[in-house]
Amino acid sequence: MSTQSEREGATQGGVAEEMTYRQAIRAALADEMRADSRVILLGEDIAAAGGSFKTTEGLLDEFGPERVIDTPISENGFVGAALGMAVTGMRPVVEIMFADFLLSASDAIVNEVAKFRFMSGGQTVVPLTIRAIGGATGRFGTQHSATGESWFLQTPGLRVVAASSPSAAYELLRAAIRLNDPVIFLEHKGMYTQKGLVDRAGSLPQVGRAGIVRHGSDVTIAATLLMVPRALRAAEVLAAEGIDAEVIDLRWITPLDSETVGKSVSRTDRLVVVEEQVHHGGWGATLISLLAQQGLPRNTRPCAVSVPDVPLAFSPVLEDAAVPEAERIATMIRTLIHEQGR
Amino acid sequence: MSSQKIYSPDRRQWLRTMLLIRCFEDKVQQLFMQGLVPGTTHLCQGQEAVAVGAISAITSADYLTITYRGHGQALARGIDPEAAFAEIMGRETGVCKGRGGSMHLTDFSRGLIGSFAIVGAGLPVALGAAMSAKLHGATSVALTFFGDGATNIGTFHEALNMASVWKAPVVFICENNLYGEYSPIRTTTPVDDLAIRATAYAMPGVTVDGTDADAVYAATRTAVERARAGEGPTLLECKTYRYSGHSRTDPAKYRKPGELESWKARDPIKRLGEALATEGIMSVADQEAMRQEVQDLINAAAERAAAAPWPKREEIDRYVYAE
């Protein structure tokens, strides 16, 4: 696949370093701030405290209080302020401490940021990145655990991108900051300690291009964020049973790469979307719709492994029951293969 | 002060701009009745002295954000009346190529970086522009205009708080026209003088007569000088009155009898015109000639705009993303 070769090509750029997902995000921020003095950071507790999840630790010391700015707890206000900065020569990167709080800023994001270029008739661009730290598994309860990944599907003018590994986090965050469009950049708080190789000299990924992270021929799994490593784990379990799964990390939720997924499904005849969100109105449902409109293989019955229609609970037992795990993914695929035959 | 000062303390120019705004708004109303303005309009007749007084106190290097009742500020900032009419009529030659409309007159070439139809949304954006200038080491300031209704929405409080904490060079200008849409201010707000709200954010709060262009100019100048000197923001409340209803469908039946007439007796254009005549700066005859010149200009601009082409249907997806 071209996507795979691009990724391999990217890693030829320099010496890859092992780092955590958290370190990869910090490295992307620092590298972009070193490269461009217009890049500034805003958010709650990001300066002296280094961020609630320590993704901006040390940046105040290197770049100073003019470029690493603590904000009051005023999401709608500081996203609006960042918009004002973005249209007057800066390239702000805002941190939303928990993705749930994107909704506090949703007027600024949906009514202002996303439409600003359009309603001015193209007089300006909006180079604004909004990092949102989302996802369950942290036992943070129902108001601090959303991924928020599909909330902005109905908002043209935004790009939404989700990082599923240290290298993806590094590359996609740098790409987001360099884009002249507003980008919601989603991080999963359950992945900060995950380690992986990151090439800081590699080329930047293309907007809207998914990545095939495991090649396979029996079933296509499309996933984002934490669901990517869980899908990979499910694929390993299934491999031992002779089932060969292809895993696609969508990376971009807007725009959705239905082309890469469609090509994969045309080889595997099977599609499972794995999402840390309820299914209705989300990217999984949208992806299946797009693929259906493009034309799926005759016997394909797309399936979804999602969060049931409930708010996430605090109790570890209930939270784990809600968020798809490798075994749930594997079970769905076994059922699908059994039902359709090999 | 910046050497780029193009906004004049010349009160004859103020009068001309106020006449321009009045004629423009009357024309919009007329075009609306003729079916040439789609949707709705929010007119500002009666509020001209706020736009002209305040914008006369800043330079071309400064920023401003305005609201859906923003035609007056846009014209005071020098927007081309023909491009403004064309925008309001949804034409490709509009200042926003017809994508924005009456509520979103925006002209980046004049530092007019946004016009907002969400109450209160322009305040944080102006704050951000002011912070940009500060971070760049520029001396630009930002003015942000909003109505009395906006002082009850979160972004007002969030923006004033941040601006004060960051000592941002921004001036918050509240046009208190006594009605938040259809509701008299006392039904929604427990204080009459909204400038008092500045106290909570440790910044000066000043109330002026918004029908007096001289008073608005003087108060804005003081606030702008303070902002430029790095001393932070000011909340400036201008008491004013809109002669029309909230929007096109509002006959403004909520007004007390005689209220409109009493405000019209203090009409800002009449006040300035009388002052200029009394002070021997401009004769009544010269003012009448100016009014006629402005009326002719507005008529011609509206006529050209009404003949302008519509956007092309196939260009529906332009300007959504950077090209």
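## Where chain A meets chain B

In this predicted model, 35 residues of chain A are in contact with 33 residues of chain B; two residues count as being in contact if their C-beta atoms, placed from the backbone, lie within 7 Å. On the side of chain A that touches chain B, H4, H5 and helix H6 (116-119) of chain A each supply at least two residues. H4(A) gives the most, with nine residues. Helices here are DSSP runs of H or I with at least four residues, strands are runs of E with at least two, and both are numbered from the N terminus.

By class, the residues on this side of chain A divide into 14 nonpolar, 16 polar and five charged. Ala, Val, Leu, Ile, Met, Phe, Trp, Tyr, Cys and Pro count as nonpolar, Asp, Glu, Lys and Arg as charged, and the others, Gly among them, as polar.

A word on conventions: residues are numbered from 1 along each chain as its sequence is written, while chains are lettered from A and ligands numbered from 1 in the order in which they are written. Because the model is predicted, local features need pLDDT of at least 70 and side-chain atom pairs count only at pLDDT 80 or more, while totals for chains, interfaces and linings use all residues.

## Two helices side by side

Let's look at H4(A) again, together with H5(A). Helix H4 (residues 75-86) and helix H5 (residues 106-113) of chain A pack at an angle of about 30 degrees, with their axes 7 Å apart. The axes are lines fitted to C-alpha atoms over the stretch in contact, and angles run from 0 to 180 degrees between N-to-C directions.

From H4(A), the contact uses A:Asn76, A:Val79, A:Gly80 and A:Leu83, and from H5(A) it uses A:Asp107, A:Ala108, A:Ile109, A:Glu112 and A:Val113. These residues divide into five nonpolar, two polar and two charged.

## A covered strand

Now find strand S2 (residues 39-43) of chain A, where five of five residues are buried. A residue is buried if 20 or more other C-beta atoms lie within 10 Å of its own, exposed if 12 or fewer, and partly exposed in between, with C-beta atoms placed from the backbone. On one side of S2(A) the buried residues are A:Val39, A:Leu41 and A:Gly43, and on the other they are A:Ile40 and A:Leu42.

S2(A) pairs in the parallel sense with strand S4 (residues 91-96) of chain A over five bridges, and A:Ile40 has A:Pro92 as its bridge partner there. S2(A) also pairs in the parallel sense with strand S3 (residues 68-70) of chain A, over three bridges; here the partner of A:Leu42 is A:Ile69. Strands count as paired if DSSP finds at least two bridges between them.

## Two domains in chain A

Chain A is divided into domain 1 (2-198) and domain 2 (211-340), with bounds that come from an automatic or database domain assignment. Their centres, taken over C-alpha atoms, are separated by 25 Å. The contact takes 27 residues from domain 1 of chain A and 26 residues from domain 2 of chain A.

## Backbone details to spot

The peptide bond from A:Thr254 to A:Pro255 is cis, with omega near -5 degrees. You will find A:Pro255 in the loop between strand S12 (252-254) and helix H9 (258-268) of chain A.

In chain B, B:Leu178 has a positive phi, near 75 degrees, and sits in the loop between strand S4 (170-176) and strand S5 (179-180) of chain B. B:Leu178 is partly exposed, with 18 other C-beta atoms within 10 Å.
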